[in-house]
Amino acid sequence: MRKDLNRDINQYLKRISLLLPLKGKEEKSFLRHLRSSIEDFADANPNCTMEDIIENFDSPEDVVHGYLSAVDHEELYKKLSIRKYIRRGIEIAILLLVIFTVFRMGLLYDSYLEGKDAIIRTEKVIIE
């Protein structure tokens, strides 16, 4: 397979991957199968171009639309809602970490100010 065609195929599959809302086992298997089919097509047609591949396999948007149409809608909804809860949990954990860091920085700054006031800067020596 030609290098430029291989690069185009990778870009085509990357665009499809970016358009997929989930990246689970089924989606990865779908992408592997699609890659295999495209490579078989390219091997069978050595002079094919990216336009030939798009004509034979559809545009990335149409491929994703077809895949999502074939997936069970209840299963897709379930996966998306789980993803939403995981994202919300991560957001809350990051928020708590930021609050803890700001609180800790405030305590450290107070300690710094107390230590700064404890340092003797000048001393009066009276000689008699």
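Which residues does Ile53 touch, not counting residues up to four places away in sequence? In this predicted model, the contacts of Ile53 counted in this way are with Leu5, Ile9, Ile38, Phe41, Cys48 and Asp58. Ile53 also belongs to the largest nonpolar core, which comprises 21 residues, and is listed with Tyr12, Ile16 and Ile38 as touching the most other members. Two or more residues of this core are supplied by each of the elements α1 (3–19), α2 (25–44), α3 (50–57) and α4 (60–70). In soluble globular proteins, nonpolar side chains tend to be buried together.

The packing of α1 against α3 was examined next. The two helices pack at an angle of about 40 degrees, their axes lying 10 Å apart, and α1 passes α3 in a right-handed crossing. On the α1 side the contact is formed by Leu5, Asp8, Ile9 and Tyr12, and on the α3 side by Met50, Ile53, Ile54 and Phe57. Because angles under 35 degrees count as roughly parallel and those of 65 to 115 as roughly perpendicular, α1 and α3 are therefore described as oblique to each other.

As for α4, the buried residues of this helix include Pro60, Val63, Val64 and Tyr67. These residues cover an arc of only 95 degrees around the axis, which means that they are placed on the same side of α4.

Definitions and conventions
Residues are numbered from 1 along each chain as its sequence is written. This is a predicted model: local features need pLDDT of at least 70, side-chain atom pairs count only at pLDDT 80 or more; totals for chains, interfaces and linings use all residues. Side-chain values use heavy atoms; hydrogens and water are left out. A nonpolar core is a set of buried Ala, Val, Leu, Ile, Met, Phe, Trp, Tyr and Cys residues joined through side-chain atoms within 4.5 Å. Buried means under 20% relative accessible area, exposed over 50%, partly exposed in between (1.4 Å probe, protein chains only). Helices (H or I, at least four residues) and strands (E, at least two) are DSSP runs, numbered from the N terminus. Contact means heavy atoms within 4.5 Å. The arc is that of the directions from the helix axis to the C-beta atoms. Axes are lines fitted to C-alpha atoms, for helices over the stretch in contact, and angles run from 0 to 180 degrees between N-to-C directions. Angles under 35 degrees count as roughly parallel, over 145 as roughly antiparallel, 65 to 115 as roughly perpendicular and the rest as oblique. A crossing is left-handed if the near helix is turned anticlockwise from the far one by less than a right angle, and right-handed if clockwise.
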